[in-house]
Amino acid sequence: MSVNLKNRFRLRVKGSKKTVLLLSIPLLFCHRLVFFSLFFLISLSCFPFFRKGGEGFLKAFTDLKPIPTLLSPKDLNSWKPIAKREEQQISAIILHSTDKKPSTEYLKLSLENGFFIHFLIDKKGEVYWDPSAFQNVYAASPGMDVVSLHIAYEGSQEQLLQNSIQSKRMETLVKELTESFAIPKSNYDIISQKGVFTHNQAKRRFGGFVDFSPCGGEKALERLLINIGGEYKEEDQWYQRYESGWVLKKENKQRLQETFFPTNGRGISKPEKVSLPSIESDVNGYPTEAYRVKYTFRGKIKPTCIVLHYTAISDYFQSLKTLENRNLTATLMVDKNGKAYQLVDSLEDRAAAATGTNDQCIQIEIIAKDTAELISQPEQTEKVKVLVLELAQKYKIPLNNEDIQSLSGIFSHTQAKKRWGGSIFLNAKDFDPGEEYMELILNSIGGKYFPESEWKNRSSLDWAILYKSFQP
């Protein structure tokens, strides 16, 4: 008996292959159990699989009033979402303010212009909502609408900051929504479309605005996020704020200077001979060297359109310096005295002057501080007319400004900015070089000028600056 026990013990210790395998199974199971438990916990914290959603929110926030009680029967008839969504798609909150407008007027104007919101907090702290807020997508902030809950507060940012009842209600509302839908309590990364943002920040990233009034209020958002245990970032700290992709650019001047290593232009590369009689040249027929720009070669284009700009600076060489300091390039520049200079090696070198058009358009900068100065310089205006005609004939470009999306025609930088943005100077009243000037040029060379209301597809929502009279 004792011998058998000893043999069994030896087998247990030394182990046969079968015994070792049997002993390993529980150990492997325990190891895997720990691994999957850790994975489960990480998933729980990183992904919104277990968020409470709309049902959980309504259990916590019980005193909501329906927005329809603020609307007239006529307004109710025009109230409809632009699309439907699943609750799982909700990942952001966008703050709006009614500013000087009372709630009812704000909602009425929103509907009249094809916009709407999901929640509204009045000055008394009452919270109104769309009972289908979590399923309805409204146009309010293009680029963010599908994933966003739009919240407006009655009054201005300054009034909100002084109204403790309204402020507390908004904090409670945002806190419950962020926790119910696993929305980050941060304004750091709007590119991810996850977080709590002002409409102002969304406009800077995605465009789709009527005007650039500071809607939502950064100070209001800062206090809100801090009070609900979140994180607020100033604009300079927003994720990738100085990178490309923003409709309203923000340039880091030091970085631009440190990274600008021109490959072409004045004193670096030899240009082609001038191909148009209206462009100034030296005795050998080459562009006047001292008037050219240093630039980074960005490839060639096959021109199908022309974009006119004014420099917003009255001096030629200061304008040239500004282009270089910003690592930008125009194709041609027309001085106040009516002389036109080719800045790049070839008319078909790609310029960098107007987002959305650079791949197909010749860019012409015109020296003037504003539209009034442009119109007061007849020699310059005559040269611009001749230059545009020569280019249009050379490249078979239509003499009209109707359809900038076709990239075929003669357009203002303003029109390009309103369509695609991509400027550090951008607002709904911006004119570069001025529509009055564009009308003068086009009509006097036998072309056709289209006012903004007649631009093709101008009423659609895919413009950086929308053609509406009001927006939430």
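**Figure 1. Packing of helix H3 against helix H7 in the predicted model.** In this predicted model, helix H3, which covers residues 53–60, packs with helix H7, residues 164–180, at an angle of about 145 degrees, and the axes of the two helices are 9 Å apart. The crossing that H3 and H7 make is right-handed. On the side of H3 the residues that take part are Gly53, Gly56, Phe57 and Ala60, and these meet Leu173, Glu176, Leu177 and Ser180 of H7.

**Figure 2. Helix H5 and the elements around its buried residues.** Helix H5 spans residues 103–112, and its buried residues are Ser103, Tyr106, Leu107, Leu109, Ser110 and Leu111. After H5 comes Gly114, a residue whose phi is positive, near 85 degrees.

**Figure 3. The buried face of helix H15.** Within helix H15, residues 435–444, the buried residues are Glu435, Tyr437, Met438, Ile441 and Leu442. When H15 is seen down its axis, these buried residues fall within an arc of 155 degrees, and therefore they line one face of the helix. The cover over the buried residues of H15 includes strands S9 (305–310), S12 (361–366) and S13, together with helices H12 (371–375), H13 and H14 (413–420). H15 is followed by Gly446, whose phi is positive and near 85 degrees.

**Figure 4. The cis peptide bond at Pro433.** Pro433 is located in the loop between H14 and H15. The peptide bond that joins Asp432 to Pro433 is cis, with omega at about 10 degrees.

Figure 5. Asp403 belongs to the loop that runs between helix H13 (378–395) and strand S13 (409–412). Although Asp403 lies in a loop, its relative accessibility is 16%, and so the residue counts as buried, the limit for that class being under 20% relative accessible area. A polar atom of the Asp403 side chain lies 3.3 Å from the backbone nitrogen of Gln405. When residues up to four places away in sequence are not counted, Asp403 touches Ser408, Phe411 and Lys456.

Figure 6. If neighbours within four places in sequence are left aside, Tyr239 is in contact with Tyr188, Asp189, Ile191 and Trp246. The side chain of Tyr239 also makes a polar contact, at 3.1 Å, with the side chain of Gln240. Along the chain Tyr239 and Ile190 are 49 residues apart, while their C-alpha atoms are separated by 7.6 Å.

**Figure 7. Ser244 in the loop between H9 and H10.** Ser244 is found in the loop between H9 and H10, where its relative accessibility of 68% means that this serine counts as exposed. Ser244 and Arg205 are 39 residues apart in sequence, and the distance between them in space is 9.9 Å, taken from C-alpha to C-alpha.

Figure 8. Gln193, a residue other than glycine, has a positive phi near 65 degrees. Gln193 is situated in the loop between H7 and strand S8 (195–198), and at a relative accessible area of 24% this glutamine is partly exposed. For Ala312, which is likewise a residue other than glycine, phi is positive and near 65 degrees. Ala312 lies in the loop between S9 and helix H11 (316–325) and is partly exposed, with a relative accessible area of 47%.

Key: Residues are numbered from 1 along each chain as its sequence is written. This is a predicted model: local features need pLDDT of at least 70, side-chain atom pairs count only at pLDDT 80 or more; totals for chains, interfaces and linings use all residues. Side-chain values use heavy atoms; hydrogens and water are left out. Axes are lines fitted to C-alpha atoms, for helices over the stretch in contact, and angles run from 0 to 180 degrees between N-to-C directions. Helices (H or I, at least four residues) and strands (E, at least two) are DSSP runs, numbered from the N terminus. A crossing is left-handed if the near helix is turned anticlockwise from the far one by less than a right angle, and right-handed if clockwise. Contact means heavy atoms within 4.5 Å. Buried means under 20% relative accessible area, exposed over 50%, partly exposed in between (1.4 Å probe, protein chains only). A polar contact is a pair of N or O atoms within 3.5 Å; within protein, one must be able to donate a hydrogen and the other to accept it, and residues adjacent in sequence count only if both atoms are side-chain atoms. The arc is that of the directions from the helix axis to the C-beta atoms.
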